[in-house]
Amino acid sequence: MIIKQIKLSNQSKDRLSRLKGKTGIKNWNVLCRWALCYSLKENTIPTDISIIADSNIEMSWYTFGGEHSELYEALIKAWCIKKNLPTDDETVSKYFKLHLERGISYLSGTNFIKSLDDLLNLVLEV
């Protein structure tokens, strides 16, 4: 487990709230999984910004990842290895948070996502 508790920024909470309304996905953790994976597919390193975890949205690592929490951790570690970054807990946790914030920003920043179908179509992009 790379992180025990995940707390989002108010900005991310607002963005996820809009995505929940558009997609009908009711659980924060499901949208956060989508956001993480969407950011990981980018070929760039997320900007190293300070994340202000000031919202009331908080979840455990196991709530975030569910039965696949080890897979999400492995994906982040594999990404770190690909980018020649260390895979210690501190670095992996840092990039998890940065990817999560970036992914939420990307998903909410596109006017493309207006429904669940639009979100699902992201999987089909080549």
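Helix α5 has 21 residues, which at 1.5 Å a residue should span 30 Å, and the 30 Å between its end C-alpha atoms agrees with this expectation; the expected span is taken as 1.5 Å times one less than the number of residues. Helices here are DSSP runs of H or I with at least four residues, numbered from the N terminus. The model is predicted, so that local features need pLDDT of at least 70 and side-chain atom pairs count only at pLDDT 80 or more, whereas totals for chains, interfaces and linings use all residues. Residues are numbered from 1 along each chain as its sequence is written, and side-chain values use heavy atoms, with hydrogens and water left out.

The N-terminal end of α5 is capped by D88, a side-chain oxygen of which lies 3.2 Å from the backbone nitrogen of E90.

Two packed helices are described by the angle between their axes and the distance between the axes. The axes of helix α2 (residues 28-40) and helix α5 (residues 89-109) come within 7 Å and cross at roughly 100 degrees, axes being lines fitted to C-alpha atoms, for helices over the stretch in contact, with angles that run from 0 to 180 degrees between N-to-C directions. On the α2 side the contact (heavy atoms within 4.5 Å) is made by L31, C32, W34, A35, L36, Y38, S39 and L40, and on the α5 side by F96, H99, L100, R102, G103, I104, Y106 and L107. By class, the contact of α2 with α5 has twelve nonpolar, three polar and one charged residues, where Ala, Val, Leu, Ile, Met, Phe, Trp, Tyr, Cys and Pro count as nonpolar, Asp, Glu, Lys and Arg as charged, and the others, Gly among them, as polar.

The axes of α4 and α5 come within 10 Å and cross at roughly 100 degrees, and the two helices are therefore roughly perpendicular to each other. Here I76, K77, W79 and C80 in α4 meet V92, Y95, F96 and H99 in α5, and the contact of α4 with α5 has, by class, six nonpolar, one polar and one charged residues.

F96, found in helix α5, counts as buried at 0% relative accessibility; buried means under 20% relative accessible area, exposed over 50% and partly exposed in between, with a 1.4 Å probe and protein chains only. Leaving aside neighbours within four places in sequence, F96 is in contact with I2, I3, I6, L36, W61, F64 and I76. F96 and A35 are 61 residues apart in sequence and 11 Å apart in space, C-alpha to C-alpha.

S12, which lies in helix α1 (residues 10-23), is likewise buried, with a relative accessible area of 0%. Residues up to four places away in sequence not being counted, S12 touches E101 and I104. The side chains of S12 and E101 are joined by a polar contact of 2.6 Å, that is, a pair of N or O atoms within 3.5 Å, of which, within protein, one must be able to donate a hydrogen and the other to accept it, residues adjacent in sequence counting only if both atoms are side-chain atoms.

Two loop residues complete the description. N84, in the loop between α4 and α5, counts as exposed at 71% relative accessibility and has a positive phi of about 55 degrees although it is not a glycine. G66 lies in the loop between α3 (61-65) and α4 (69-82) and is partly exposed, with a relative accessible area of 25%.

Methods. Parallel < 35°, antiparallel > 145°, perpendicular 65-115°, else oblique.
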